[in-house]
Structures are given as C-alpha cells and as structure tokens.
Amino acid sequence: MTNGLTALRWSIETGKPATVAAPQLADVAGACEWLATVRAGVIAGLEQHGAVYLRGLPIRSARDFAAARDVLIRRQAGYQEKATPRSTLGDGVFSSTDLPATQSIQPHNENSYTLTFPGLLLFGCLVAPGTGGATPVTDCRQVLRSLPPDLVERFRTRGWGLLRNYAEHLSINWSTALGLSSAAEVPDFCARNAIAYRWHDDGHLRTGQRRSAIIRHPRTGADVWFNHVAFWSEWSLDPEIREVLVDEFGHDNLPFNTTYGDGSAVSADEITSINRAYAEATVRADWEPGALLLVDNILAAHGREAFTGDRTVVVAMGDPTDLADCAPTVHAAPMAQIG
C-alpha cells in the first residue's frame, strides 16, 4: 500500500491490528515529519482495517502525543455526556480512563449515544503496563455480519434505548457527566440532545434516549453495529455484582441499562449473542512505549484489558461526526417511558 509519497510496510497478522513500524526517528519533530508524509496511507489503511497500530515512535510525553495528534487528526472533538472518570492533561489530551487496573472494559464505540461523536480516536502509550492492559479493537462491520438476522432486524427497526441514573453513590454525577453547573440547565440540554429526563424525590436524575443501533460510515458506506447495547446492559454485569446492585438500588435505579428503542427488554440470551460477536471480531496488540493506535470510531469499537504495573495510555478525539450524516435507521428521540 502506498500513498504516492512513501511506501508503508504493513504487518497483517491474525489476532492483531494492522501494524506499521516507524523507521528510526530521533525525536518528536522527526516523528511528526514522518507522520505527515505517510498520513494519507495511514488513513487509507484505517478505512480498510478500522484501526492502525503505529510502533517505534519517540513519543515520550503528553506534549509529544499532542504534536503527533495534530498531524494525524485535523479537527479535535470533545468528550460529551461523560460516563467514566478521566484526567485532563491539557491541550485536548486525556487519560484513556481512570478506572482501576483490575477492571477490564468491554468493547464500545466512543459516545455512540450522543448526536455528535468523534469519528477518530488516537491512543498513545507513554508507560507500558507490566502485564495485560492492551486496548483491543473490534471490527463493527464483522460484528453486524455475525449477529443473528432476526436480532439485527429488531434493532434496525426499533433502535436502542439508554437509561442512566446519576447519583453520587451510583455513578458519575449529572453535573460532571453533562458538563452543567445548575439543575436549571438540564431541561434545555436534554431538549437539544433528544433526551428525556426526570428528577426523583431523592434528588437523583434519570435520563433516557433512543438512538440508532446500526449506522453507515459516511465515507466508506459500510453499515456497522454502533451502540452501547451490550456494554451497558445489566446482563453484561458479573452476576454477583448485578444481584447486589439490584438488591440495593432496585432494577430501575441501576447506573446504566439498555433496551430496544421502544423500551422493550433485551434478553440475556441476546446480550450473550452480541458479546460473542464482539469477541470473535476483536484483535489486540501489547502496548509499547511510544506506540500509537489510531481508531476509526465508527468502523471499530475499543476496550481495555485489566493490567498489572504502571500504565500510562493517553487519548485524543477528533473528526466530530453528526449522527444524522450516518444514515441512522431510526430517528434520535427522547425515550417515551423512563419511569
């Protein structure tokens, strides 16, 4: 594969993301010059493979990472309707997540539930973990092809629903998640973002939104499975944790849960089918210091393995993409019933 300027040597191995090894480069200035030369070829490979792992770069700090990002990603995108804790490192660079090292993260497309989401994600490794800690990537075209046709058709016609409960003891609070400073701002925010909301007597906020579960990549034309249906389903929780949460807070007050877009339940067997399809379509590579992972957020989902030792992986988001430009199969709307 060439971009007309520089030939890229691609490594395509079963079980691993498409990989390019950088030549020996002295510093981040040299890395950025090389990335600028090969960018067109990298993007072409990205649209074919969904993710590209770039090895051997002299990326040693968040500032170095931001410089490389500015070559690969032309427009930055924000992190909206936050769901997990991250640290802000400045200049649009974040920690990939601040969740505990023992906690793995299932495959998901970043911000699949928002009306505008990042089309590109760039991860960078500053400190590699002792063991584990990879950022696996999952081909969402393959996931869609692997799912039972009747399940796909139900989601195609109904969409999917996301229910969230914001409370200090349950999850990230609504002010942090929504980026709002006052409860008086919630109605306008929800109206602009096609979200239903309800304040409960104990002061916690519940929201619900319907989104398309299947969308089309605006450049490649590929149909993809694009949602958090399995990621936030109660049936993806460890059974013991699910039992404790339901006993403590009640089924309607789980921090997250998903449904079909009409509010009907998604069964445990259906979630098992979705998670199996993700597993079959997932590849991984161990992190190395200085490595970058460029992910097309529509073509590929990403996750995180549990790990040991220190791990510093940073992320930046770019190429903001409107859901309306991705041929959604249902209209985005507030959930009709949120309890």
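Asparagine 109 is located in the loop that runs between strand 6 (105–108) and strand 7 (116–127); strands (E, at least two residues) and helices (H or I, at least four residues) are DSSP runs, numbered from the N terminus. The model is a predicted one, in which local features need pLDDT of at least 70 and side-chain atom pairs count only at pLDDT 80 or more, while totals for chains, interfaces and linings use all residues. Residues are numbered from 1 along each chain as its sequence is written, and side-chain values use heavy atoms, with hydrogens and water left out.

With a relative accessible area of 0%, asparagine 109 is buried (under 20% relative accessible area; exposed is over 50% and partly exposed in between, with a 1.4 Å probe and protein chains only). Apart from neighbours within four places in sequence, asparagine 109 has contacts (heavy atoms within 4.5 Å) that include Cys140, Trp225, His228, Asn297 and Ala300. A polar atom of the asparagine 109 side chain lies 2.9 Å from the backbone oxygen of asparagine 297.

With a disulfide taken as a pair of cysteine sulfur atoms within 2.5 Å, the count is zero. For cysteine 32, the closest cysteine sulfur is that of cysteine 125, at 17 Å, which is too far for a bond. Cysteine 326 is likewise in no disulfide, the nearest cysteine sulfur being that of cysteine 140, 13 Å away. Cysteine 32 counts as buried at 14% relative accessibility, and cysteine 326 is buried at 0%.

An open sheet of four strands has the order 6-18-9-16 and antiparallel pairing, two strands being paired if DSSP finds at least two bridges between them. Strand 6 and strand 16 (282–283) are at its edges with a single partner strand each, so one side of each has no neighbour in the sheet. Strand 9 (residues 137–139) and strand 18 (residues 300–304) run antiparallel and are joined by three bridges. Aspartate 139 has alanine 300 as its bridge partner in strand 18.

A further open sheet contains eight strands in the order 1-2-3-17-7-20-5-4, with mixed pairing. Strand 2 (residues 18–21) runs parallel to strand 3 (residues 51–55), and four bridges join them; alanine 18 stands opposite valine 52 of strand 3. Helix 1 (residues 28–49) packs on this sheet, touching strands that include strand 2 and strand 17 (292–296), and its direction makes about 145° with that of strand 3 (axes are lines fitted to C-alpha atoms, for helices over the stretch in contact, and angles run from 0 to 180 degrees between N-to-C directions).

Technical notes
A polar contact is a pair of N or O atoms within 3.5 Å; within protein, one must be able to donate a hydrogen and the other to accept it, and residues adjacent in sequence count only if both atoms are side-chain atoms.
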